Amino acid sequence: MSASVKQVNLALQGGGSHGAYSWGALDALLEDERIEIVGVSGASAGAMNAVVFAAGLQEGRTSARRRLGEFWLSVSQEGALPAVERPLYEAWLRAWKAAFTPQGWVDAVSQVISPYAFNPLNIDPLRGCLAAAVDFEALRRGAGPKLFVAATNVWTGQGEIFRREVLTADHVMASASLPRFFQAVEIGGVPYWDGGYSGNPPLWPLFYETDCRDAIIVQINPIERRATPRTALEIGNRTDEIGFNASLLAELRAADFVARLIDDGVLNDPRYRREFLHRIGGDGKLETYGAETKLDSSWTFLTTLRDLGRESAKAWLAENFDAIGERSTLDVARTLRKPGAR
């Protein structure tokens with residue numbers, strides 16, 4: 001590795017269409033040849049970004065950037081979903097977008113039905129998009145960044161991590177299986193739901209299973225919103241955000257605790273190390289978009305988020321490249337609102 005190249009891990013959050021922001025961040029990181037990505041973890045849309053990125057990277061950075069663009073175009077309203085699946089996909093979006101209006105919310109609550117009844121054939125339009133973008137057999141046997149895809153075991157409620165060596169489309173679809181929309185994905189006879197419930201995104205595999213100490217979190221779910229939700233819709237949206245950030249905050253607390261023990265000389269075990277934590281996102285650019293926009297699959301909206309992600313990543317690199325390998329740029333204490341934080 002050249003002295004001018006720095007290694008990083010990436011942790012990609014899920015969040016529906018807002019995952020296009022992470023697409024933009026990945027695009028900017030791929031564009032900068034000073035950055036080598038050695039490990040990627042993700043949940044839901046973050047998992048999809050991770051595997052499409054890794055599949056493309058097997059043919060080089062340019063291919064990875066192209067594959068990501070093609071994947072997001074395929075899932076957009078302007079994409080090329082099979083004719084039999086496009087009406088179902090659009091019906092889902094119309095139904096749930098309607099639920100985000102006051103009257104629509106009432107109607108949706110009164111008419112809620114299980115995806116096992118609504119979609120008994122278990123048609124998932126995203127599976128075809130993913131299969132077109134990723135050759136999973138080649139991905140499993142190929143070289144490249146370590147991959148960690150999070151899903152939630154429905155039976156135990158615990159998160160599970162699937163690694164590059166075993167990944168199939170089923171694992172990634174399980175990571176993105178929101179129970180309100182899709183049937184649970186069975187792997188080895190065990191049902192799985194969206195990884196966002198248990199690791200959004202998971203950090204610990206990056207800490208324990210790579211030699212890289214720098215982890216960049218690409219955050220698309222706001223941790224803080226300076227407003228009190230008052231309507232049923234606002235309350236539901238905010239509780240979803242809090243739930244999907246809970247696992248990330250727990251891992252940040254654990255990393256902060258270990259760092260303080262190391263700094264105080266209490267923890268000298270070589271199995272533990274200080275991690276350098278960074279964040280792209282959380283800079284206010286996504287906070288202005290309501291949770292309902294996570295269902296907006298228009299190409300104009302997706303490319304708007306892509307451009308925001310690129311802008312944020314390029315700004316982060318310009319300000320923090322020299323810190324990689326040297327120190328954290330994420331103020332964990334402030335993020336956790338610890339006493340004495342700035």
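Is Y208 buried or exposed? Y208 is exposed, because its relative accessible area is 55%. Exposed means over 50% relative accessible area, buried means under 20%, and partly exposed lies in between (1.4 Å probe, protein chains only).

## Basis

This is a predicted model, where local features need pLDDT of at least 70, side-chain atom pairs count only at pLDDT 80 or more, and totals for chains, interfaces and linings use all residues. Residues are numbered from 1 along each chain as its sequence is written, and side-chain values use heavy atoms, with hydrogens and water left out.

## Surface patch

Y208 sits in helix α10, residues 204-209. Helices (H or I, at least four residues) and strands (E, at least two) are DSSP runs, numbered from the N terminus.

W204, Y208 and Y272 make a nonpolar surface patch of about 340 Å². Patch residues have over 30% relative accessible area and no salt bridge; nonpolar side chains (Val, Leu, Ile, Met, Phe, Trp, Tyr) are joined within 5 Å, like charges within 9 Å. A salt bridge is a side-chain nitrogen of Lys or Arg within 4 Å of a carboxyl oxygen of Asp or Glu. Areas come from the Shrake-Rupley method with a 1.4 Å probe; for residues, only the protein chains shown count as cover.

## Nonpolar cores

The largest nonpolar core holds 62 residues. L10, V51, F53, F71, L130, V134 and L139 have the most contacts inside it. A second, separate core of 19 residues includes F148, I217, L252 and L277. Such a core is a set of buried Ala, Val, Leu, Ile, Met, Phe, Trp, Tyr and Cys residues joined through side-chain atoms within 4.5 Å.

Beyond its neighbours within four places in sequence, L130 is in contact (heavy atoms within 4.5 Å) with V51, V52, F71, F136, A169, V172 and M173.

A151 lies in strand β3, residues 146-153. A151 counts as buried because its relative accessibility is 0%. W193 is 42 residues away in sequence, yet the C-alpha atoms of A151 and W193 are 6.1 Å apart.

Strand β3 runs antiparallel to β4 (residues 159-163), joined by five bridges. Pairing requires at least two DSSP bridges. A150 has I161 as its bridge partner in β4. The two strands form a hairpin with five residues between them, and G157 in the turn has a positive phi of about 75 degrees.

## Strand β8

I280 belongs to strand β8, residues 276-281. At 1% relative accessibility, I280 is buried. I280 and A313 are 33 residues apart along the chain, with C-alpha atoms separated by 6.0 Å. Not counting residues up to four places away in sequence, I280 touches residues including Y21, I217, A313 and W316.
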